[in-house]
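Have the model open in your viewer and follow the stops below in order. Each one says what to select and what is there.

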Amino acid sequence: TFNVICNRMGLSFPAQDTLIVWSEAENYDLALSFQEKAGCDEIWEKICQVQGKDPALEITQDPIDESEEERFEEMPETSHLVELPPCELARLEEIADLVTSVLSSPIRREKLALALMSEGYMKKLLQLFQVCEDLDNREGLHHLYEIVRGVLFLNKAALFEVMFSDDCIMDVVGCLEYDPALVQPKRHREFLTKTAKFKEVIPITDSELRQKIHQTYRVQYIQDIILPTPSVFEENFLSTLTSFIFFNKVEIVSMLQEDEKFLTEVFAQLTDEATEDGKRRELVNFFKEFCAFSQTLQPQNRDAFFKTLANLGILPALEIGMDDLQVRAAATDIFSYLVEFSPSMVREFVMQEPQQTDDDVLLINVVIKQMICDSDPELGGAVQLMGLLRTLIDPENMLTPTNKTEKTEFLSFFYKYCMQVLTAPLLANTVDEKKSKDNFQTAQLLALILELLTFCVEHHTYHIKTYIMNKDLLRRILVLMNSKHTFLALCALRFMRRIIGQKDEYYNRYIIKGNLFEPVINTLLDNGTRYNLLNSAIIELFEFIKVEDVKSLIAHIIDNYYKALESIEYVQTFKGLKGRYEQEKDRQTLRLNSRYRRDARTLDEDEEMWFHEDEDDDEGEAVEKSRPEEEFPESYGKYMEAKKGKCRHSAQCVQTHNLWNGMFTMYFRLFTVKESDDKENFPTQTPTGSFKFTFSHSAGAANGANGKPAASHAASASPNGSPAKSDATPGTLVVKVNYPDDEDEEEEDEEQSPRKRPRLGS
């Protein structure tokens, strides 16, 4: 109650106008914080009223003088004993008030504890309990409840040794049954003596060990069941009780570990296939409790404990009898303790299993199935096992110096023997790209599996990538985007986001080929204008693609989905993607055009040269065009004669031969004519079968020295020596090359016109 709390406050004072601080025990301070000063002042006045103090004072109790504490420690213990009333029924109320009143003062608690331990006072009180119970003295029993509860709050280990001894502990439990707040007392003693049964899987011959096990169980029961949950004001009073239980467990584990005969016999029965199912169940549960107790050991002692179990063969022993549900659950708990102790040891063992057993009974697959088949609606056990599997497949703890190939070997083993078991519920629930089950428990399980697969994408490269491609896993996972459970849709989206976050073109090509953005975009459109976590996560996915400039994905999204996304204007993500797409498209166009485009400055310089040339250049041009045949190498004539012999019976070759002769001849006869970059420079065939060449250049260059067009150039282009009619406009030179059908006539013409042969060196 409020009065009791206020009386227990050792030192109380308001600080900063909104705090009330007090000391509950040695080196243990508590505080009440208020939002407003008025509320703080109101409570402070009530506390002072209960304590009988003036609210104007900032400190309601004088602190103990340090010199007084030193004198108390130096003086003999007997001089500080509290004078206890005689241990009689009529004085129980007085004793209860005394015990309750000393709890606020550490020194008075110490004095009372010394007094209770002298002359067997505690045992006398417990004898009065039996008297009161025989007389059905309820008032006395209620006082005894307050006394025993107060003695526990004294927090003294020496008193606990007396109270929890075999002679007294059941009387202590009896006193705590008569809580004044209860109409009828609880039957805790009946439960401890009749309902709770102590099972010995192997007979324990050490009497001290047996007594310690019984005592620990009963004290744990008192703390967890009988005593009410301590308030924030009473929490520190039971710290020694917690320590008492802790050290008892340490002592039990140490005594069992040192008894080699006991452990050897337990393992012999556990590994014997002839052991009955009920007996095996008890043995596995024993080891489960044994491992749980070991968590109280110091790290060094705990490592020694698990090494002892490993040397005795705990892992092979767990494989036996896995068909039993209880055995499987207990074995999974033991397995989790071993993984926390040494993941490498567990990995080394499980990699040896395929040589000895089937895939279905592999220990790691048993753990996965236990996770999948968790009957808890909240999947509490499945969450624990998922963390266990993550520890096993985490490459960060596979870098042991003793085995440098552990990572490669174990991941190969896991993806070969275990991954199909892990993904089985996911694949079974997304057959034909439709969800078969969408209840809450199934959604939670699939979310756990997706979380583990996402971890694999982040930490495994080759193995998970190969598995995703072979199973088309991403397509199956994106089916879950249609789930009515938003958390499951977010898990599926997170998996895709991790894949894209790898920035691996192998993944990108897989996404593009499978058109796997479609379910994501459909979910975004179905979500409508709702601004929720799903909307934000999808937008973030596309924002990442834009910021990282993943060109292949940007092009795929804009080409296929921009029409559906362009209406989304509350974020600039999709317009940004479009901008990135256009920029890349422009860059590619410029890159393509730069291969064929000449420098504009070079063109201007050439034009200036044409306008400023002398007339002597035209005369030199005529001289160059009339060079004798001797200047052509003889080898070229021989080459052309041999070529004509090979192509004599082929009309197509003859036509090709004459075409090139005509083109080369015109090139060398007109080599001073400046070419243009326009498409008009290419030859076009006329209706008569001849080819028309058009060269655009300045008029001054096309005319002779007298200003007349150089018609002789066009006239000499006729194969038969006759002038050809020119269709050229001023400033344009037009050349027509005719090819007669008669082969003999063409050969004769070639012999009569040696200037048509090009110079290879030109």
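Select the buried residues of α28 in this predicted model. They pack against α25 (473-478), α26 (486-501), α29 (533-548), α30 (551-565) and α31 (573-593). Within α28 (residues 518-527), the buried residues are Val520, Ile521, Thr523, Leu524 and Asn527. They sit on the same side of α28 because they cover an arc of only 155° around the axis. Now select glycine 528, which follows α28 and has a positive phi, near 65°.

Next, display α19 (residues 363-372) together with α20 (residues 380-393). Their axes come within 9 Å and cross at roughly 145°, and the crossing is left-handed. On the α19 side, the contact is made by Ile364, Val367, Ile368, Gln370 and Met371. The α20 side supplies Ala382, Leu385, Met386, Leu388, Leu389 and Leu392. Ten of the contact residues are nonpolar, one is polar and none is charged.

Turn to the salt bridges, of which the structure holds 23. Pick lysine 156 and glutamate 110, whose side chains meet with 2.5 Å from N to O. Lysine 156 lies in the loop between α7 (138-153) and α8 (157-163) and glutamate 110 in α5 (residues 106-117), so the pair ties together parts 46 residues apart in sequence.

Last, select glutamate 42 and lysine 46, another salt bridge, with the closest N and O atoms 3.9 Å apart. The two are about one helical turn apart because they are four residues apart in α2 (residues 37-51). Glutamate 42 is partly exposed, at 45% relative accessible area, and lysine 46 is partly exposed at 39%.

Definitions and conventions: Residues numbered from 1 in each chain as written. Predicted model: local features only at pLDDT ≥ 70, side-chain atom pairs only at ≥ 80, totals over all residues. Heavy atoms only, no water. Axes fitted to C-alpha atoms, helices over the stretch in contact; angles between N-to-C directions. Left-handed = near helix turned anticlockwise from the far one by under 90°. Contact = heavy atoms within 4.5 Å. Nonpolar A, V, L, I, M, F, W, Y, C, P; charged D, E, K, R; others polar. Buried < 20%, exposed > 50% of the residue type's maximum accessible area, 1.4 Å probe, protein only. Arc of directions from axis to C-beta. Salt bridge = Lys/Arg side-chain N within 4 Å of Asp/Glu carboxyl O.
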